[in-house]
Amino acid sequence: MVRSRYIPVALFAFSIIAVQLLTALTDRAQFLTQLTMTGYYSLVIIGLCMLIGYAGQISLGHAGFFAIGGYASAFLTTYNLAPHKEKPVISIFAKTGLLLNVQDLYGGDTLVFNPWLACIAAVAVTVLIAYVIGGPVLKLKGHYLAMATLGFGTIVYKVVLGTSFFGAADGLSDIPGFRLLPGLEVSGKTSIRIQNYYISWGMVLLGMLLLTNLINSRVGRALRSIHSAEDAANAMGINTGRYKLNIFVLSAVFAALGGVFLTHYNGGIGPSEASIMKSVRYVAIVAIGGMANLWGALSMGIILNFLSLRGYFGSYDDAVFGVILILIMLFAPEGLLRREVFRGAKKWLSGRGKAEGQKA
Amino acid sequence: MAGALSRPGLLYHMNIELLSQYLVAGLTYGTIYAIVAIGFNIIYNATGIINFAQGEFVMLGGMIAVSLHHIMPLPAAILAAVLMAMIIGALIEIIFIRWLVSPSVLRMIIITIGISIFIREAALHIWGESVRALPYFTGTEVTVISIGDVHISPQVLWVTGTSAVMVALLTFFFSYTLLGKQMRACAANRDAARLCGISTANMVTLSFVLSAGIGALAGCVVSPITYVQYDSGTGLAIKGFTVAILGGLGNSTAAIAAGLVLGILESFSVWVLPTAFKDVVSISILLLILFVRPSGIFGSVEASRLKEF
């Protein structure tokens, strides 16, 4: 049983390597850039899949968490502290090595926070906001939950759009790379493209490992019981409120991490990352993947995000996701990739085989 | 508020004239929010679903009227725009909703969101990103009617007047006509209505037609003041929903009062916060109400217990 759970993970790891080798063999290394970005978006999607599919709570505001992570990290790693060097708090930070001296575009010295510290701060802020928002929001159901999360997402969007030190409509740019370890850096430089591809997908792999284990644990069983009958789960002694909240926070952290790393990789972030369309896109991908189906959501996320980032949808980008959303919900509300489909296909095939056999 | 008072020159600005200007602006926007909220309520009462594409009807009304105004006079353009929006509303219901057998709330939310994106993107490809507006119905943008110290654009009177007439007609329709009574019966108890020989499916279509129509008309009269753009529907939808919740979902009379409250609050928030945060104020109000009193300020708590929050 345990072994079978790791087979998909191993297959996934194998295909990550296979795709990289394929791009190297076919001389299409430029694809790696979009694949890396897709990886970070996939983090958001698998987190959201836990929330929508397993805990049964919709969120139309996850782009908000993505943006909170991205913007927090971007702001902390670009805001020049040099003028405040003399202040006691800043000097303590400087002495403990939490600050970095970097050269800006014009060669001037700037003093900024270490990306590690910025990343931890971004996640901490996200956790805090997710707990504060999640408490009351998750008490709501149906339309109210959808509208409340939509409202949250809109607030984040309007705040980053209207705040001058977040760059307003232009967003933040010139974000330095994120040196994870010596020789391992998240940044958009072409020379370390392959390395970044593996960092990104390594993270997705870790995330999948964590989430698949979670699903197959006591927590996962509790979540499924909440999804199918919340009152019954409550009666069985499952603290449904706490489980929902914790999964909400977990999925927010996944989104924030995606935001942090993508921002460092792209070297910038703009308010469009916080827009409602992005949140809806994440929901769409989870829905196509089959709601409670991590691997389905992941594979659909990879395909659709990659096609979208490569620009295959052209100016119909958002429209494509809108139409997909309608079609899926009308004709296959359980998603495209669900077990019944495979089972049905198998039955249909074997049934036809039998029928032909009888004829003969 | 403390921060607001410490701002220099504020007391000077806080005179009656400015106060009344803000009040008028708040009332104008509030009326539109109330109309959007009534659109939400009509569909909610008939089907129990929230149509996330409600704001798009307002946008469509404005956009179609602006385009048609190039080839026909203003009243005809508005009439045609409203009729077209009604047809679109009917088509949406017939194509996407009518044939679904007891769909889950989540499914309906996602479908109507998809429809809203689809309409918005279609509008983007038809009309582009440019901001449009109908001409002022009477006079121009500088025409003012002065009542004492208060200066009102005639368009404001058009907006409030049209909305008042619309509400009166709706009230008449729901209270005195057979069709309106059938729709109310449908909202009260769908099975019982069906037993009385009312076609509930047709009533649902009618509710989409009605709310598309009033949304489009509101979009026409307000477009000279607020302008209209392919994506202006989303903001209106969220505010309309805020108003619908504030008044208690399904209660259209309370929605008018709630709309005016929200419009005025939003307009006065400019005193305390930068204009860019105007939407943040109204959405925060939405979240606050949802957290504290989801039955709405004017709604009954007991009745709301029966609904799914």
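In which loop of chain A does A:Asp27 lie? The legends below, which describe close-up views of a predicted model, begin with that residue.

**View 1. A:Asp27 and its loop in chain A.** A:Asp27 is placed in the loop between α1 (2-25) and α2 (31-54) of chain A. Although this residue is not a glycine, its phi is positive, with a value near 60 degrees. As context for the view, the secondary structure of chain A consists of 14 helices and six strands, and 45% of its 360 residues count as buried. Of the contacts in chain A between residues at least 6 apart in sequence, 79% join residues at least 24 apart.

**View 2**

**View 3. The packing of α7 against α10 in chain B.** Two packed helices are described by the angle between their axes and the distance between the axes. For helix α7 (residues 154-176) of chain B and α10(B), the angle is about 170 degrees and the axes are 8 Å apart. Angles over 145 degrees count as roughly antiparallel, and α7(B) and α10(B) are therefore roughly antiparallel to each other. On the α7(B) side, the residues that take part are B:Gln155, B:Trp158, B:Val159, B:Thr162, B:Ser163 and B:Met166, and they meet B:Ile214, B:Leu217, B:Ala218, B:Val221, B:Val222, B:Pro224 and B:Ile225 of α10(B). By class, the residues of this contact between α7(B) and α10(B) comprise 10 nonpolar, three polar and no charged.

**View 4. The side of chain B that touches chain A.** The contact between the two chains involves 33 residues from chain A and 31 residues from chain B. On the side of chain B that touches chain A, the elements giving two or more residues are α6 (105-127), α11 (232-246) and α13 (278-292) of chain B. Among these elements, α6(B) gives the most to that side, with 12 residues. Sorted by class, the side of chain B that touches chain A has 24 nonpolar, three polar and four charged residues.

Terms used. Residues numbered from 1 in each chain as written. Chains lettered and ligands numbered in written order. Predicted model: local features only at pLDDT ≥ 70, side-chain atom pairs only at ≥ 80, totals over all residues. Helix = DSSP H or I, 4+ residues; strand = E, 2+ residues; numbered from the N terminus. Buried ≥ 20, exposed ≤ 12 C-beta atoms within 10 Å, placed from the backbone. Contact = placed C-beta atoms within 7 Å. Nonpolar A, V, L, I, M, F, W, Y, C, P; charged D, E, K, R; others polar. Axes fitted to C-alpha atoms, helices over the stretch in contact; angles between N-to-C directions. Parallel < 35°, antiparallel > 145°, perpendicular 65-115°, else oblique.
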